[in-house]
Amino acid sequence: MSFKSILQDMKGEFGSISRKGFDVKFGMKSRSHRVVQDTSFRIDALKQSCWANMPPELLRDVLMRIEASDDTWPPRKNVVACAGVCKNWREIMKEIVKSPEISGKLTFPISLKQPGPRDSLLQCYIKRSRSNQTYYLYLGLNQASTDDGKFLLAARKCRRPTCTDYIISLNFEDVSKGNSAFVGKLRSNFLGTKFTIYDAQPTNTGAKVTKCHSTRLVNMKQVSLRVPAGNYPVAHIAYELNVLGSRGPRRMQCVMDSIPARAVEPGGVAPTQTEFVASNLDSIPSLPFFRSKSGRGESVQSGLQSGQNEGMLVLRNKAPRWHEQLQCWCLNFNGRVTVASVKNCQLVASPENGVAAGPEHENVILQFGKVGKDVFTMDYQYPISAFQAFAICLSSFDTKIACE
């Protein structure tokens with residue numbers, strides 16, 4: 001029997017177990033009792049399954065072969081399906097599936113919060129919907145086209161009197177902070193020149209949560225009115241003012257609060273999240289594996305003042321060169337950007353404390369550029385994550401009166 005037929009047999013059997021559970025009639029009992037009985041029924045059926053008695057060594061070998069064979073999307077959804085069978089299978093798959101830093105693959109939702117591959121750029125693209133002011137991030141499956149892709153993240157623009165918020169979610173349809181799929185947000189100041197990236201969960205044990213409008217103090221304790229998702233600042237972005245109106249690309253600087261500057265050096269390490277906080281994403285919504293469709297009073301912290309970014313990774317624009325024949329500023333995007341735009345940029349690590357730049361400071365960590373009317377490519381690599389790269393790119397869509 002081939003491993004593909006084994007997988008199909010597994011999916012068929014567990015699917016039938018699930019269907020049998022829902023076909024049971026529970027009379028007029030309460031909903032909570034129905035849920036308990038339905039769950040216990042499926043557990044009993046699972047214990048009777050032939051796959052429950054598979055030797056651990058054989059099970060691990062089968063799952064390793066499935067993970068190795070289905071290395072691209074959409075077939076990689078089989079790996080996710082295996083992790084959803086039971087707790088035992090999930091623990092094995094978590095050990096087998098490596099982080100994007102090592103494997104260069106995005107598999108589970110937590111992969112979007114982990115640093116990208118070290119040796120290559122992970123190619124993605126962003127589609128903008130002007131009608132509902134929503135942005136969608138996809139993993140590119142075909143280098144020659146942006147029509148097909150694996151949906152990763154969505155962001156919705158929310159204008160406020162003194163700032164603008166971009167709510168970032170794992171849910172394609174319901175992009176809101178009250179949804180369990182909320183993973184973070186981007187907030188700008190009034191001029192759209194300074195931005196702060198907030199993560200819904202801490203990237204390290206020393207992270208500090210900031211107060212937001214969805215929390216209140218009750219009996220001297222801060223409680224959440226909705227989903228208990230924190231506002232952990234992980235990066236600050238600043239665009240240089242262009243008061244003289246000189247021509248040229250925008251100039252920006254990103255201070256990554258959660259990533260040390262030595263992370264880009266050989267042997268450097270960046271913080272890696274391993275799982276979502278249970279209170280934040282205790283139930284991940286049903287997401288499509290493959291899609292083929294073209295505090296309100298809180299002030300934005302700059303984080304770029306002298307002495308505040310010491311030891312932190314700072315990203316800056318890679319300086320473009322002036323092309324005499326084309327009479328424009330040019331950067332080498334290796335064919336990934338085809339339309340001239342003030343939004344096009346490449347970010348590299350800035351030398352720390354005036355130290356001479358080394359080869360690691362010329363390595364492009366994030367590049368973003370236009371390829372169509374509402375389509376943009378986004379390529380990133382270690383030490384930033386897909387979530388951080390997406391938030392940085394979202395900042396370029398905001399109106400910047402003082403920077404043009």
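**Reading a predicted chain, feature by feature**

Mentor: Let's start with the surface: the chain has an accessible surface of about 21,000 Å², 52% of it belonging to carbon and sulfur atoms. Those areas come from the Shrake-Rupley method with a 1.4 Å probe, and for residues only the protein chains shown count as cover. This is a predicted model, where local features need pLDDT of at least 70 and side-chain atom pairs count only at pLDDT 80 or more, while totals for chains, interfaces and linings use all residues. Residues are numbered from 1 along each chain as its sequence is written, and side-chain values use heavy atoms, leaving out hydrogens and water.

Trainee: What percentage of the residues in the chain is buried?

Mentor: Buried means under 20% relative accessible area, exposed means over 50%, and partly exposed is in between (1.4 Å probe, protein chains only). Here, 47% of the 404 residues are buried.

Trainee: And how many helices and strands does the chain have?

Mentor: Both are DSSP runs numbered from the N terminus: helices are H or I with at least four residues, strands are E with at least two. This chain has 7 helices and 16 strands. Take β15 (residues 364-370), where 6 of the 7 residues are buried.

Trainee: Which strands does β15 pair with?

Mentor: Two strands pair if DSSP finds at least two bridges between them. β14 (residues 345-349) runs antiparallel to β15, with 4 bridges, and Gln 346 sits opposite Gln 367. β15 also pairs with β16 (residues 375-380), again antiparallel, through 5 bridges. There, Leu 366 faces Tyr 380, and the two strands make a hairpin with 4 residues between them.

Trainee: How many disulfides are there?

Mentor: Look for a pair of cysteine sulfur atoms within 2.5 Å. The search of the whole structure gives 0. For Cys 163, the nearest cysteine sulfur is that of Cys 158, 9.9 Å away. Cys 254 is in no disulfide either, with the sulfur of Cys 345 nearest at 8.1 Å. Cys 254 is buried, at 0% relative accessible area.
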